[in-house]
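Dear colleague,

I am passing on a structure that you have not worked with before, and the notes below it set out what was found. Please read them with the sequence and the model side by side.

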Amino acid sequence: MGITGTEVAKEASDMVLADDNFSTIVSAIAEGRAIYNNMKAFIRYMISSNVGEVISIFLAAALGIPECMIPVQLLWVNLVTDGPPATALGFNPADVDIMQKPPRKSDDALISTWVLFRYLIIGSYVGIATVGIFVLWYTQASLFGINLVSDGHTVIELSQLLNWRECPSWSNFTVSSFDAGGGRLIAFSNPCDYFSVGKVKAMTLSLSVLVAIEMFNSLNALSEENSLRTLPPWRNPWLLVAMTLSLGLHCLILYIPFLSEVFGVAPLSLKEWFLVILISAPVILIDEILKLVVRSQRRKTKEKEA
């Protein structure tokens with residue numbers, strides 16, 4: 001005891017209660033578990049997001065399509081838009097059932113096999129969605145009732161996109177100029193430039209999907225097991241502020257002409273933003289299903305022990 005205990009007892013003890021209150025031990029354990037969980041949340045968010053970026057680059061290369069994002073865009077995502085949400089995850093509140101969980105073994109792995117599997121599932125969806133929107137812009141006139149060719153760009157066959165390097169040998173291949181937004185007209189003296197200069201809107205959609213998915217993924221990182229219904233986003237207002245800041249920074253490079261030229265992007269219309277959200281939001285549903293599996297397994301384990 002820190003107040004009533006003798007100096008000899010304090011010197012011989014392993015732990016001193018400064019306020020002579022045993023409930024302080026419980027509070028300290030809860031705080032320690034919360035800190036550990038927040039550290040895991042940061043790691044979970046960063047690794048799953050980075051795995052998605054790696055998969056998107058690998059998938060584009062494997063399919064043989066043009067690069068969905070250029071290096072400066074990837075640097076922007078990693079150094080700027082990912083930073084605020086990752087930092088805000090350190091302010092996550094403790095899980096509602098944090099003291100109902102059994103003690104963690106000192107030799108438990110920080111990243112278990114199941115957690116690694118979750119990283120791969122979320123990362124795979126990030127990669128597929130990022131590359132998918134790029135391919136859809138080139139090959140589809142509409143998606144979910146949203147007109148993708150309102151800007152006037154030319155829809156091509158998937159086989160042409162997959163074999164775009166053979167474009168110089170194609171006869172009668174023509175493309176139309178299109179409005180990239182902000183009064184910027186993309187015209188082509190060489191139709192094969194459609195796969196380089198002409199991919200500015202497709203790259204913008206890919207980049208925006210990546211940013212939006214990572215914002216939604218930061219909500220997934222609020223808790224390793226609890227649903228967003230149990231631990232809603234507003235329990236960590238700093239995360240909402242960080243998400244707003246990241247999206248605001250992303251909009252800066254889209255709608256300020258000088259920055260859009262530097263980053264090789266173009267402004268998006270409201271319909272295109274709706275499409276971005278529509279493709280990005282399922283990452284929450286996927287992680288909610290994975291969390292449900294974890295909770296079910298934990299419940300079964302408790303029933304067996306009982």
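In this model, which is predicted, Cys-167 and Cys-192 form a disulfide, with their sulfur atoms 2.0 Å apart. The pair links distant parts of the chain, since Cys-167 lies in the loop between helix 6 (158-162) and strand 3 (178-179), while Cys-192, 25 residues away, lies in the loop between strand 4 (185-186) and helix 7 (200-220). The torsion about the S-S bond of Cys-167 and Cys-192 is about -95°, and the disulfide is therefore left-handed. Both partners are buried, Cys-167 with a relative accessible area of 3% and Cys-192 with a relative accessibility of 17%; buried here means under 20%.

Cys-68 takes part in no disulfide, and the nearest cysteine sulfur, that of Cys-167, is 18 Å away.

Turning to the helices, helix 2 covers residues 23-63, which is 41 residues, and reaches 59 Å from its first C-alpha to its last, close to the 60 Å expected at 1.5 Å a residue. Helix 2 is followed by Gly-64, whose phi is positive, near 85°.

How do helix 5 and helix 11 lie relative to each other, roughly parallel or roughly antiparallel? The axes of helix 5 (residues 113-139) and helix 11 (residues 282-305) come within 10 Å and cross at roughly 160°. Angles over 145 degrees count as roughly antiparallel, so helix 5 is roughly antiparallel to helix 11. The crossing of these two helices, helix 5 and helix 11, is right-handed. On the helix 5 side, the residues that meet helix 11 are Trp-114, Phe-117, Arg-118, Ile-121, Ile-122 and Tyr-125. Among the residues they meet in helix 11 are Pro-282, Val-283, Ile-286, Asp-287, Leu-290 and Lys-291.

Phe-144, although it is not a glycine, has a positive phi of about 55°; Phe-144 lies in the loop between strand 1 (142-143) and strand 2 (146-147), and at 58% relative accessibility it counts as exposed. Asn-172, also a residue other than glycine, has a positive phi near 60°. Asn-172 is placed in the loop between helix 6 and strand 3, and its relative accessibility of 76% makes it exposed.

Finally, Gln-140 is found in the loop between helix 5 and strand 1, where, at 34% relative accessibility, it counts as partly exposed. Leaving aside its neighbours within four places in sequence, Gln-140 is in contact with Leu-148, Val-149 and Val-155. Gln-140 and Ile-156 are 16 residues apart in sequence, and their C-alpha atoms are 8.0 Å apart in space.

With kind regards

Conventions: Residues are numbered from 1 along each chain as its sequence is written. This is a predicted model: local features need pLDDT of at least 70, side-chain atom pairs count only at pLDDT 80 or more; totals for chains, interfaces and linings use all residues. Side-chain values use heavy atoms; hydrogens and water are left out. A disulfide is a pair of cysteine sulfur atoms within 2.5 Å. Helices (H or I, at least four residues) and strands (E, at least two) are DSSP runs, numbered from the N terminus. Buried means under 20% relative accessible area, exposed over 50%, partly exposed in between (1.4 Å probe, protein chains only). The expected span of a helix is 1.5 Å times one less than its number of residues. Axes are lines fitted to C-alpha atoms, for helices over the stretch in contact, and angles run from 0 to 180 degrees between N-to-C directions. Angles under 35 degrees count as roughly parallel, over 145 as roughly antiparallel, 65 to 115 as roughly perpendicular and the rest as oblique. A crossing is left-handed if the near helix is turned anticlockwise from the far one by less than a right angle, and right-handed if clockwise. Contact means heavy atoms within 4.5 Å.
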